[in-house]
Amino acid sequence: MKIGLLIVDMQESIVRDKLDQKAIDRACEYINHVADVLRSSGHVVVHVQDVEGMENSNSEAYRIISEVDVTEKDLTVTKESSNAFWQTDLEQILKSHGVELLIISGFAAEECVLFTYNGAMERGFRPVMLQNGILSTHSEAVISTYRDRNVISYPVVNYLIH
């Protein structure tokens, strides 16, 4: 089974001044670990970047935060709406790589992460939220997301890969 990891909206202008650095560091530790495990076994890592409102003059604010590891093997999809599947080529990219299980991480639990999870389900993928790998400015949104959606922990990802 091919696995994909989506890292949603982990960008300077989106998370930097909205979240506590400790929360960012903790989530990135889990995201980076899972990304490394998947990369090492030929699975897919996709960075989803929200580019709504981006212009040449402010493009630096839209870059992925330095706490998230990005490699040359990783893929990038840009979006302008909350659901990373809406009017993007994400579905085709994932299907062309044979992805079935889709691990979703990033910001924000109650918006882009949740809408992308739902979009994945509607398109026939098996989406799961990465435990400790999603963020929000509202802690109760993270709690309810874990309560109401399928969740995967990093030891399970390790087990599936090895």
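Let's start with a pair of charges: Asp9 and Lys79 form a salt bridge, and their closest N and O atoms are 3.1 Å apart. This pair links distant parts of the chain, since Asp9 sits in the loop between β1 and α1 while Lys79 belongs to strand β3 (residues 75-79), 70 residues apart. Bear in mind that you're looking at a predicted model.

Is Asp9 buried or exposed? Asp9 is buried, because its relative accessible area is 2%, and buried means under 20%. Lys79 counts as buried too, at 1% relative accessibility.

A search through the whole structure turns up 12 salt bridges. Here are three of them, including the one we began with:

| Pair | Closest N and O atoms |
|---|---|
| Asp9 and Lys79 | 3.1 Å |
| Arg123 and Glu91 | 3.5 Å |
| Arg147 and Asp148 | 2.8 Å |

Take the pair of Arg123 and Glu91. Arg123 lies in the loop between α4 (112-122) and β5, and Glu91 lies in helix α3 (residues 90-96), so the pair ties together parts that are 32 residues apart in sequence.

Then there's the bridge between Arg147 and Asp148. Arg147 is exposed, with a relative accessible area of 61%, whereas Asp148 is partly exposed at 42%. Elsewhere, salt bridges that share partners join Glu12, Arg16, Arg63 and Glu67 into one network.

**A look at helix α2**

Helix α2 covers residues 21-40. How far apart are its end C-alpha atoms? They are 28 Å apart, which agrees with the 28 Å that its 20 residues should span at 1.5 Å a residue.

After α2 comes Gly42, which has a positive phi, near 80°.

Which residues of α2 are buried? Among them are Ile24, Ala27, Cys28, Ile31, Val34, Ala35 and Leu38. In an α-helix, residues three or four places apart point the same way, because there are 3.6 residues a turn. The cover over the buried residues of α2 includes β1 (2-8), α1 (12-15), β2 (44-50), β4 (99-107), β5 (126-135) and α6.

**Out on the surface**

Helix α6 (residues 154-161) is also where you'll find Leu160. Leu160 is partly exposed, with a relative accessible area of 39%. Together with Met1, Val156 and Tyr159, Leu160 makes a nonpolar surface patch of about 430 Å².

Note on methods. Residues are numbered from 1 along each chain as its sequence is written. This is a predicted model: local features need pLDDT of at least 70, side-chain atom pairs count only at pLDDT 80 or more; totals for chains, interfaces and linings use all residues. Side-chain values use heavy atoms; hydrogens and water are left out. Patches are made of residues with over 30% relative accessible area and no salt bridge: like charges are joined within 9 Å, nonpolar side chains (Val, Leu, Ile, Met, Phe, Trp, Tyr) within 5 Å. Accessible areas come from the Shrake-Rupley method with a 1.4 Å probe; for residues, only the protein chains shown count as cover. A salt bridge is a side-chain nitrogen of Lys or Arg within 4 Å of a carboxyl oxygen of Asp or Glu. Helices (H or I, at least four residues) and strands (E, at least two) are DSSP runs, numbered from the N terminus. Buried means under 20% relative accessible area, exposed over 50%, partly exposed in between (1.4 Å probe, protein chains only). The expected span of a helix is 1.5 Å times one less than its number of residues. Contact means heavy atoms within 4.5 Å.
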